[in-house]
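User: I have a model open and want to go through it with you. Can you start with the terms and then take my questions as they come?

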Amino acid sequence: MRKSFLMLAVFLVIVSAYSAAAYANDSSAGLAADSYTKDSITLSWNDVHNGVYSIYMNSEGSNEYELYLQTSESECTVSNLEAGRVYSFRLYYGESCEEISAAALPERVRTVTAENIFSKKMKLTWNCTGRCSGYEVQYSLSREFKDYRKTDTSSKKAVLTGLKYDCRYYIRVRAYTEAGGVRYFGSWSPVKSFKYHAWYKKAGRTYVDGHLIVNKTFSLPSSYAPGITNNTKAAWEAMKKAAAADGINLYISSGYRSYGTQKSLYGSYKSMYGRSTADVFSARPGHSEHQSGLALDLNIVKDWFAGTKEAKWLSRNCWKYGFVIRYPEGKSYNTGYKYEPWHVRYVGKTLAEKLYNGGKWLSMEEYYGITSRYR
């Protein structure tokens, strides 16, 4: 009887040990990456092992795993990581090993800019430092992005298609890094809004919302020779009369210039100062607004004109007559030219008021989202 009891006890111990071993081998800890920041990843797992868990890790591009931590807990946060980088983790416990890949979140996208292009398209560019696999762009007619379209790109630029004319689009961009078939998204960029304007070409000339565009990007044919337009003449006479009533004497120093005249003028400046310097204050032939018949240089074509009462009156009042300061102060990056307080361009009262912007002048390039760069 005693012998039978002893044998039964030994059998139960063996079965118990076998069951425990089987549980340890068959039960998965379920290693998972639960939360992420730009510099940390939190790992968690089920506590299926009565002992120490060892976490090993490596980073993208490395084949070697290094011991990061040994713990009896079922969670750990791996810190001091590089934003946007992919990391692989191995969890060792007993004779088992589990592996997972995850990524630290990419940096936030900043400074989104837009450029209108033809065929109902808009070109976006942005800045983003650090690593990532690509970018997601969302654009919508709703500020809340209730109905949005999206596109993916691997570079810091994208072309939005199928846009509606004269509509304002809200745009946001975020970077992502892919790891193990999962996308890890960084924060959205600040929401930017851009208006898509109606573009068309006619006889080699470019129009946006019906306004002729002449700058370093968009040129006029050499044969285009309208002279000063009637609308420009009428607006000039009205503005000159109003200025005189305020004790301001305005006169035209330079009005319409033909392609040939501009070619000669620019050539002389280039000979004297070199092309790069000449390009700051003089247009190459075909790129001068004076050829459009819409632009006037008034009074003194010198930098010191900015401090005169005439220049100040122009800046405060020209928009009322449909003129704009075409190359405003601080806008050289957009216009491609230095500040010219004497150069006004006729655009009509509606657009002029928008560009006046309550006294904080906008350039046509800013308003329409276009470039002014020689190609």
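Analyst: Buried means under 20% relative accessible area, exposed over 50%, and partly exposed in between (1.4 Å probe, protein chains only). Helices (H or I, at least four residues) and strands (E, at least two) are DSSP runs, numbered from the N terminus. This is a predicted model, where local features need pLDDT of at least 70, side-chain atom pairs count only at pLDDT 80 or more, and totals for chains, interfaces and linings use all residues. Residues are numbered from 1 along each chain as its sequence is written, and side-chain values use heavy atoms, with hydrogens and water left out.

User: Strand 2, then. Which residues point which way?

Analyst: In strand 2 (residues 41-44), Ile 41 and Leu 43 point to one side, Thr 42 and Ser 44 to the other, and all are buried. In a regular strand the side chains alternate between the two faces of the sheet.

User: What does strand 2 pair with?

Analyst: Two strands pair if DSSP finds at least two bridges between them. Strand 1 (residues 32-36) pairs with strand 2 in the antiparallel sense over four bridges, and a hairpin through four residues joins strand 1 to strand 2. Strand 5 (residues 75-78) also pairs with strand 2, antiparallel and over four bridges.

User: Which residues face Thr 42 and Ser 44 there?

Analyst: Ser 35 stands opposite Thr 42, and Glu 75 in strand 5 is the bridge partner of Ser 44.

User: Zoom out. How many helices and strands in total?

Analyst: The protein has eight helices and 22 strands.

User: What is the radius of gyration against a compact globule?

Analyst: The protein has 34 Å, whereas a compact globule of 375 residues would have a value near 21 Å. The radius is taken over C-alpha atoms, and the globule rule is 2.2 Å times the number of residues to the power 0.38. Along the principal axes, the C-alpha atoms fill a box of roughly 130 × 45 × 40 Å. Buried residues make up 44% of the 375.

User: And the cores? Which residues touch the most other members?

Analyst: A nonpolar core is a set of buried Ala, Val, Leu, Ile, Met, Phe, Trp, Tyr and Cys residues joined through side-chain atoms within 4.5 Å. In the largest, of 60 residues, Met 122, Trp 126, Ile 171, Met 239 and Phe 323 touch the most other members. Helix 2 (residues 230-245) gives the most to this core, with five residues. Apart from it lies another core of 25 residues, among them Leu 31, Ala 33, Leu 91 and Tyr 93.

User: What is Trp 126 in contact with?

Analyst: Contact means heavy atoms within 4.5 Å. Leaving aside neighbours within four places in sequence, the partners of Trp 126 include Val 109, Thr 111, Tyr 135, Lys 157 and Val 173.

User: Last one: where is Lys 320?

Analyst: Lys 320 is in the loop between helix 5 (309-317) and strand 21 (323-327). Its relative accessible area is 38%, so Lys 320 counts as partly exposed. A polar contact of 2.8 Å joins the side chains of Lys 320 and Asn 317. Such a contact is a pair of N or O atoms within 3.5 Å; within protein, one must be able to donate a hydrogen and the other to accept it, and residues adjacent in sequence count only if both atoms are side-chain atoms.
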